[in-house]
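This report describes selected strands, charged contacts and aromatic contacts of one protein structure. Please consult the sequence and the model shown here while reading.

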Amino acid sequence: MLTQKKSFGRLSAVINPLDYIINPLDNPWFDLSEVSIESCYASQTLPRSLRSRHWNLKTLKLKKLSFVDTDAYMWFESLKTLHLLSVRFSDDKSVQRLLSVCPKLEDLVVKRTTYVNVRIFSINVPSLRSLSIDYSWAVSRPADVHGFVIDAPSLRFLNIKDHFSNLLQFENMPKLVKANVEVDCDLSEKFIGSITSIQHISLCSKNSKIPYPSGTSFFYLEHLELCTCSQDWWNLLNRILEDAPRLQVLKLKLGNCVQCSTELMDYWNEPCSVPKCLSSHLEIFEWRHYKGTKQERKVAKYILAKASCLKVAIFSSVCIEKNLIFKKLENVDRGSKACELVFQ
C-alpha cells in the first residue's frame, strides 16, 4: 500500500513495506521540491530518483525509517531542509555519511528516541544555518556515552531539548544569534564561550557547572532567559550580567521543576560593582515561578535597585502564599522611577 497526498511540487508517502511494489518517486517525470516518507522501521532503500545526482529536491522529511546507508550514487545537491524524525541508522558513521552528501543543507531537524541506533550523533555541516534537536522522550536513559557533537560554523539558530544525553559537545558556532537550550547533562564551559555573537538565548541546564572562561564578552546579547533549576544559576547570572553590557531583557524561570518551599540556590554574593547593563540598558525584568525565598529576594532587590533604566518588572508565582511573597517587594528601592512593578 502506498498512499499519497500530492500538491504542486510536493509528495507525501506512508510506506507499507509488505505492499511496496510501485513507487511514484522512481518515475522520472516527477519533479518535486519536497518529499516526506514515513515507514514503520522496515529497512528501506531510498527510491532511485532520490539517490540521483540530478534530483532537484529541496526538502526531505524521513520519519520512522530504518536508513540502510548511503551509496556511491546518492548526492542531494539542492537539498536545503532535512528532517530526521526517529530515524534508525546502522551506526554512528551512517549519520555522518548521510549529512556529507548534502553540501547545501541549511535547516536540520532531528528527533531521537530509543529506536535510533546511534550513540554519538555527529553533526558536521559547514552550510547549516538552523538546527533543532528533540531528545525529550525515551523509554529509558542510556547507560553508555550517548549524545551529540555539533560543528556548524554557519549556524545562526539553535533549538535543543535533550533530557537523555550525557554528552553534548559544541565545536564551532561563531555566527549563532539565537538559541533555546534545555538539557539535563552538564554543558561544558566551551559551549558558553563559543557563542559570543549571541543576541537572544534561553538557557536551562539542571546540572550545569559553568561559568565560562574569564575574558568572554557577550557584546551583542540583548535578551537572556535563564532557568533557576540549578543551585549555581546565580553565579552564571552574575557573570553574564557583567559580560553583556547591552542586555535589555532579563527573564528568570523555573522550567518544569516548580517547588514553592525549596531553596534551590546557594548563598548569593552581590557583585563587587554594578554591571553596565543594569546601569544603562536593562528595560524589562521578569521572574516567573518566583518563590520569595531569602536568596531570591536578595537577587530581586539588587536588580530593582541597580537597574536605572528599567521600565517594567514582572513577578509571577504559583505559590499559595504569593500575595504575602509579593508584599515583601512592594516597597523595595527602585533605581528607575519609571519602573512599573507587576505581580501575577
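## A covered strand and its neighbours

Strand β15, residues 200–205, is mostly covered, with six of its six residues buried. Here, buried means under 20% relative accessible area, exposed means over 50%, and partly exposed lies in between, with a 1.4 Å probe and protein chains only. Strands (E, at least two residues) and helices (H or I, at least four) are DSSP runs, numbered from the N terminus. The model is a predicted one: local features need pLDDT of at least 70, side-chain atom pairs count only at pLDDT 80 or more, and totals for chains, interfaces and linings use all residues. Residues are numbered from 1 along each chain as its sequence is written, and side-chain values use heavy atoms, with hydrogens and water left out.

In a regular strand the side chains alternate between the two faces of the sheet. From β15, His 200, Ser 202 and Cys 204 point one way, while Ile 201, Leu 203 and Ser 205 point the other way, and all are buried. Strand β14 (residues 178–183) runs parallel to β15 and is joined to it by six bridges; two strands pair if DSSP finds at least two bridges between them. Glu 182 stands opposite Cys 204 of β15. Strand β16 (residues 223–227) also runs parallel to β15, through four bridges, and Leu 224 in β16 is the bridge partner of Ile 201.

## Salt bridges

The structure holds twelve salt bridges, each defined as a side-chain nitrogen of Lys or Arg within 4 Å of a carboxyl oxygen of Asp or Glu. One of them joins Asp 243 to Arg 239, with the closest N and O atoms 3.8 Å apart. Both residues lie in helix α3 (residues 233–243), four residues apart, about one turn of the helix. Asp 243 counts as buried because its relative accessibility is 16%, whereas Arg 239, at 22%, counts as partly exposed.

Another salt bridge brings together the side chains of Glu 283 and Lys 311, at 3.7 Å from N to O. This pair links distant parts of the chain, 28 residues apart: Glu 283 is in the loop between α4 (276–280) and β18 (284–287), and Lys 311 is in the loop between α5 (294–306) and β19 (312–315). Glu 283 has a relative accessible area of 28% and is therefore partly exposed.

Glu 286 forms a salt bridge with Arg 288, with 3.4 Å between the closest N and O atoms. Glu 286 is buried at 16% relative accessible area, and Arg 288 is partly exposed at 26%. Through shared partners, salt bridges join Glu 225, Lys 251, Lys 253, Glu 286 and Arg 288 into one network.

## Aromatic contacts

Eleven aromatic pairs are found in a search of the whole structure. Rings of Phe, Tyr and Trp (its six-membered ring) pair if their centres lie within 6.5 Å; planes under 30 degrees apart count as stacked, over 60 as edge-to-face and the rest as tilted. Trp 233 and Trp 287 form an edge-to-face pair, 5.8 Å centre to centre with 80° between the planes. The two residues connect distant parts of the chain, with Trp 233 in helix α3 and Trp 287 in strand β18, 54 residues apart. Trp 233 is buried, at 3% relative accessible area, and Trp 287 is buried, at 0%. Ring pairs link Trp 233, Phe 285, Trp 287, Tyr 290, Phe 315, Phe 326 and Phe 343 into a cluster.

## A charge over two rings

The charged end of Arg 112 sits over the ring of Tyr 135, 5.2 Å from its centre. The charged end of Arg 112 also sits over the ring of Phe 148, at 5.2 Å from the centre of that ring. A charge sits over a ring if NZ of Lys or CZ of Arg is within 6 Å of the ring centre and within 35 degrees of the ring normal.
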